[in-house]
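Subject: Structure for you to look at

Dear colleague,

The notes below the display tell you what was found in it, so please keep the display open while you read.

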Amino acid sequence: MTATYLPNFSHLYVERAARTHPAAQRLFERFSRARIVAIDDYRSVFNRRGQAFREQKRSVKLILAVKQEPFIYPGSHYAPDFDQPNFCYNAMILNCIYDCEYCYLQGMYSSANIVVFVNTKPFFDAADKIRKERGSIYLCVSYDTDLLAFENIIPYCREWIEWAVDRPDALLEIRTKSANFRAIADLPAPSNVILAWTLSPHDVCLAHEQRTPRLAARLAAANDAIQRGWRVRLCIDPILQIRDWRAVYSALVDQIFGAVAAESVDDFSIGVFRMNQDYLDRIRRSRETSVLAHYPFANTKKMSTYAADVREDMLDHVKHRILSYAPAARVYCH
Amino acid sequence: MIFLAIALRCEAAAFLRHSDLKADQQSLRFPIYRGADITVAITGVGKVRAAMAVVNMLRTEPIDVLRRSVVANIGLCGASRGDYGSRGDLIVINQVIDHGSRRRYYPDMLLQHDLPEAEVETFDTPVVTPDAIENGVVDMEAAGFFEAASRFVSPDRILIVKMISDFLAGERVSPDWVEQAFAAKTEPLAVMLRQYHDCHRNQASSLPGHIEDDIRVLAEQLRLTATQRCELRKLAVYFVLNGGESIAELGETLDLHVTSKVASKAEFAKLIAAMSAFT
Ligand code: SF4
């Protein structure tokens with residue numbers, strides 16, 4: 001007789017200071033049958049030493065916390081800035097409900113549990129401060145998580161979109177693998193919000209992006225957004241060295257443009273797998289049977305990625321395929 | 001393996017009988033009972049004793065064994081309120097608070113069970129005032145147990161189950177009552193421990209033995225440094241996952257009689273290239 005795992009969010013670990021925030025109240029209602037564990041500081045649960053990330057992924061818990069400064073970070077050099085000044089990102093949620101094999105979060109965090117910061121106002125204030133001081137902001141709100149995938153649980157995308165509406169000097173990117181556009185489809189499409197879908201070949205979704213919606217569902221969601229007037233970015237990132245990668249990624253590009261009109265897409269972003277070397281080492285320890293993680297990457301300046309010639313080859317191949325549908329000015333390589 | 005830390009012999013007696021455990025004659029200062037896949041340490045009362053006994057029980061266990069093990073603490077507690085259950089009822093602990101240091105510990109709550117849950121606060125002396133805590137239960141071992149156990153296993157492998165013995169009003173509990181109360185719960189406890197254990201089985205190593213042998217032999221022949229051995233082992237995982245069967249075969253193309261560091265480095269580079277190309 002084997003035990004079964006508890007469903008995700010069977011337990012809410014709640015900082016005492018977080019309890020009265022409206023976002024926390026909403027989550028109590030949403031998970032009314034969850035057991036509440038009162039805690040003093042989210043870091044005492046989230047940052048514990050020696051946690052088993054893979055095992056925790058089988059039954060993920062929510063940790064509700066009050067974030068202290070900083071509420072905004074300068075953009076990372078692992079992430080593209082799309083030639084936008086004042087590139088920043090924030091993280092109102094740490095960790096993701098999906099379980100991509102190559103996800104850097106597994107190396108960055110010691111826990112698979114998901115932290116939701118419930119004190120939202122300081123995040124908006126911090127973005128406003130930079131916007132006013134520097135005259136503009138390019139803000140990515142869905143790093144270190146997939147915010148749209150979480151929208152039915154806590155509607156932070158909606159809050160950010162509503163924030164952006166009367167701030168023309170702000171440009172917002174919401175990156176996602178989810179097909180959950182319907183959660184925000186009722187909102188008018190602001191011209192300063194970009195919904196960025198990460199697309200992967202069907203077989204990669206199946207084999208390496210556990211729990212994510214399939215390619216066709218992501219494409220349908222992106223198409224729906226385009227039809228409703230939203231700005232959409234399509235990202236093929238990370239491109240992976242899988243068997244027959246040339247044919248597989250060519251087919252992906254063809255499939256994308258079979259579903260979506262090239263001229264209706266804001267821009268295209270492509271990049272090969274790259275990751276902080278320490279994160280990758282941690283992932284290798286926890287994913288002992290992952291061919292992806294154990295690929296013999298080259299390491300430069302603490303970054304693990306494909307050897308330069310391989311990387312160039314992969315980027316060139318995918319880029320050229322996209323260029324047969326879209327102009328070069330709208331294709332960004334990283 | 002299931003490792004149990006239990007403070008008192010009367011708490012453990014029924015379990016020792018149930019699993020037919022025998023005293024380890026080598027461990028006289030720290031009483032330990034062993035069976036085929038269960039080891040029980042009788043820790044004595046208090047968090048320091050609990051910590052010492054857990055360290056003593058686990059410190060010589062190979063990492064491979066620990067990675068497939070569950071470490072549990074079973075014992076009595078006093079409950080702050082009646083809604084956790086009656087005397088003799090079991091509770092699963094989801095948070096441990098060290099009363100003295102205010103440190104908190106969290107076993108991962110991953111598996112289904114049908115017992116109530118509560119936090120436990122570990123005191124250094126018996127608690128006999130009902131308002132000593134607001135919520136949860138009190139004991140005298142859990143914090144020391146967790147601190148020690150978490151040095152050896154991850155928190156998803158740590159389980160704490162307490163039995164209510166009193167409601168913090170100084171009620172006396174006889175050893176006979178304790179033994180009988182645990183005897184009544186031995187079967188469900190044994191099932192629960194077995195379920196935790198089976199769910200947490202893990203692969204000990206990703207590399208088959210003959211590949212480990214290949215690495216060892218080649219590392220000696222090529223006089224590899226510790227760093228090179230480490231790199232070779234990492235790459236071997238990729239090699240095996242891609243269907244590679246023998247590193248020794250790749251080694252046959254190398255000059256294994258290296259006489260200098262330069263030669264060793266050159267042959268090592270060839271080996272790495274051959275393994276990397278293997279897809
Ligand atoms: S969707 Fe993104 S954040 Fe979520 S697991 Fe996958 S790579 Fe990580």
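How much area do chain B and chain A bury between them, and what percentage of it is on carbon and sulfur atoms? Please keep in mind, before the answer, that this is a predicted model. The two chains bury about 3000 Å² between them, and 53% of that area is on carbon and sulfur atoms.

Counted by residues, the interface brings 35 residues of chain B into contact with 37 residues of chain A. The rule finds five salt bridges across the interface of chain B and chain A. B:Arg104 forms a salt bridge with A:Asp40, where the closest N and O atoms are 3.1 Å apart.

Which elements give two or more residues to the side of chain B that touches chain A? They are strand 6 (90–98), helix 5 (175–199) and helix 7 (226–241) of chain B, and the largest share, five residues, comes from helix 7 of chain B. Sorted by class, this side of chain B has 14 nonpolar, 13 polar and eight charged residues.

Within chain A, you could then turn to helix 8 (residues 215–227) and helix 9 (residues 245–259), whose axes come within 10 Å and cross at roughly 40°, the crossing being right-handed. Helix 8 of chain A makes the contact through A:Leu215, A:Leu219 and A:Asn223, while helix 9 of chain A brings A:Leu252, A:Gln255, A:Ile256 and A:Ala259 to it. By class, this helix contact has five nonpolar and two polar residues, and no charged residues.

The peptide bond from A:Glu69 to A:Pro70 is cis, with omega near 0°, and A:Pro70 lies in the loop between strand 3 (62–65) and strand 4 (73–74) of chain A. A cis peptide bond also joins A:Asp237 and A:Pro238, with omega about 10°, and A:Pro238 has its place in strand 13 (residues 231–239) of chain A. Finally, A:Asn95, a residue other than glycine, has a positive phi near 90°, and A:Asn95 is found in the loop between strand 6 (93–94) and strand 7 (99–100) of chain A.

With best wishes

Note on methods:
Residues numbered from 1 in each chain as written. Chains lettered and ligands numbered in written order. Predicted model: local features only at pLDDT ≥ 70, side-chain atom pairs only at ≥ 80, totals over all residues. Heavy atoms only, no water. Contact = heavy atoms within 4.5 Å. Buried area = accessible area lost by both parts, 1.4 Å probe. Salt bridge = Lys/Arg side-chain N within 4 Å of Asp/Glu carboxyl O. Helix = DSSP H or I, 4+ residues; strand = E, 2+ residues; numbered from the N terminus. Nonpolar A, V, L, I, M, F, W, Y, C, P; charged D, E, K, R; others polar. Axes fitted to C-alpha atoms, helices over the stretch in contact; angles between N-to-C directions. Left-handed = near helix turned anticlockwise from the far one by under 90°.
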